[in-house]
Amino acid sequence: MQLSEILSKFNEPETLKMAKLGRELRANGINVIDLSLGEPDFNTPEHIKDAAKKAIDENWSHYTPVSGYADLKETICKKLLRDNGLEYSPNQIVVSTGAKQCIANTMFSILYDNDEIIIPTPYWVSYSEIARMTRAKVVFVNTTPESGFKITPDQLENALTEKTKLFIFSSPCNPTGAVYSKNELEALAKVFEKHPNVCIISDEIYEYINYYHGGGKYESIAQFSAIKERVIIINGLSKGFAMTGWRLGYTASAPEIAKANEKIQGQFTSGTNSITQRAAITALASPLTATYEMVKEFKRRRQRVIELLKELPNLKCVEPQGAFYIFPDVSYYFGKSFEGEMINNSSELCMYLLNHAHISTVSGDAFGQPGYIRISFANSMENIEEGFKRIKSGLEKLS
Ligand code: PLP
């Protein structure tokens, strides 16, 4: 069969692949502990589920406006003012089927054929692959543990060319948990001020899962008025409200970009699921009590995971300041083997840990950072304890 050439230009998400392999082993009766998870292990809060049930009973069952219900867009504007001190109007908001669709819409709205997009590594798996679907040229900028895996203003300045149209980053970052401070964002904003044709995607999906400010005020790069027009905020319900399966994300941007995103979405999927949108109004307008309860638990686990990692002296890591991952350097084990099976890179180490220690993690290669693995702590404390025990005994067998 002659399938499109575009399929050879991008990969399927490595994170989903690992979850699938783990499921397959589990189906064969093997007790695999999943620390590859990219989603909260909590249930959606009751008041949000009640809002969805009510929406079903009230027959919110028709096609929805492509950019989202007007009252949801109003609610999102109020949320941006309440949590971020940012003013937006409903014509600047587009509601989509997950933050992933928001990113795809925005990339297709801005990028085409050989336009350049700058992505600091490590980065979330889909950034590069969606950009490649637009036929843009992806320019990676390698960040280092010394800068806390954050791009510096000099690195940004050096990567920008007259072909650069877009920059994308997440704070808190998946996979490193890096969180940019207000000063760091301001320094980057100053560089962007000198490059007026560059738009900035600020992926804020982990906004609430933030330990850096003690769970306090979140800093968005959109707060700098000189560049706000060119910032596209990406956010959604998946992480902060434990609603990954509900599929709702949104963008806040200049009205032209919102219109372009609406045009693209109008052809691909139309408006987002009606029930999810009604429930989203409740999620975003209610006090964030349930969210902060989850964050409290993530914080407790983060502390424990940092301690457990210290018991593995050959793994080095930068402590995560947000999200629910820890991202250690595992390169010490390259060149070591078990029963004739040599480990040459982090993908092979992840497969070794899965097959021999029955623990699933994700290779840093998936995030553009060879030599590292991502371990999620979006799992129970009991599974985290057992998972680290298995990692430890798996690594000890390598010589
Ligand atoms: N951005 C980042 C950094 C993520 O980690 C994820 C999900 O893992 C997404 C976006 C996509 O979120 P959604 O479930 O809303 O599509």
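**Close-up 1. Leu-86 is a buried residue, with a relative accessible area of 4%.** Buried here means under 20% relative accessible area, exposed means over 50%, and partly exposed is in between (1.4 Å probe, protein chains only). Keep in mind that this is a predicted model, where local features need pLDDT of at least 70, side-chain atom pairs count only at pLDDT 80 or more, and totals for chains, interfaces and linings use all residues. Residues are numbered from 1 along each chain as its sequence is written, and side-chain values use heavy atoms, with hydrogens and water left out. You'll find Leu-86 in the loop between α3 (70–84) and β2 (93–96); helices (H or I, at least four residues) and strands (E, at least two) are DSSP runs, numbered from the N terminus. Leaving aside residues up to four places away in sequence, Leu-86 touches Cys-77, Leu-80, Leu-81, Ser-220, Ala-222, Gln-223 and Ile-233, where contact means heavy atoms within 4.5 Å. Look for Ala-252 too: Leu-86 and Ala-252 are 166 residues apart in sequence, but their C-alpha atoms are 10.0 Å apart in space.

**Close-up 2. Arg-82 pairs up with Asp-83 in a salt bridge.** That's a side-chain nitrogen of Lys or Arg within 4 Å of a carboxyl oxygen of Asp or Glu, and by this rule the count comes to 25 salt bridges. In this pair, the closest N and O atoms are 2.7 Å apart. Arg-82 is partly exposed at 40% relative accessible area, while Asp-83 counts as buried at 18%.

**Close-up 3. Glu-129 and Arg-132 form a salt bridge within helix α5 (residues 126–133).** Their closest N and O atoms are 2.8 Å apart. Because the two sit three residues apart in the helix, about one helical turn separates Glu-129 from Arg-132. Which of them is buried? Glu-129 is, with a relative accessible area of 10%, whereas Arg-132 is partly exposed at 28%.

**Close-up 4. Lys-296 and Glu-293 make a salt bridge in helix α10 (residues 289–310).** Here the closest N and O atoms are 3.7 Å apart, and the two residues are three apart, about one turn of the helix. Lys-296 counts as exposed at 54% relative accessibility, and Glu-293 as partly exposed at 47%.
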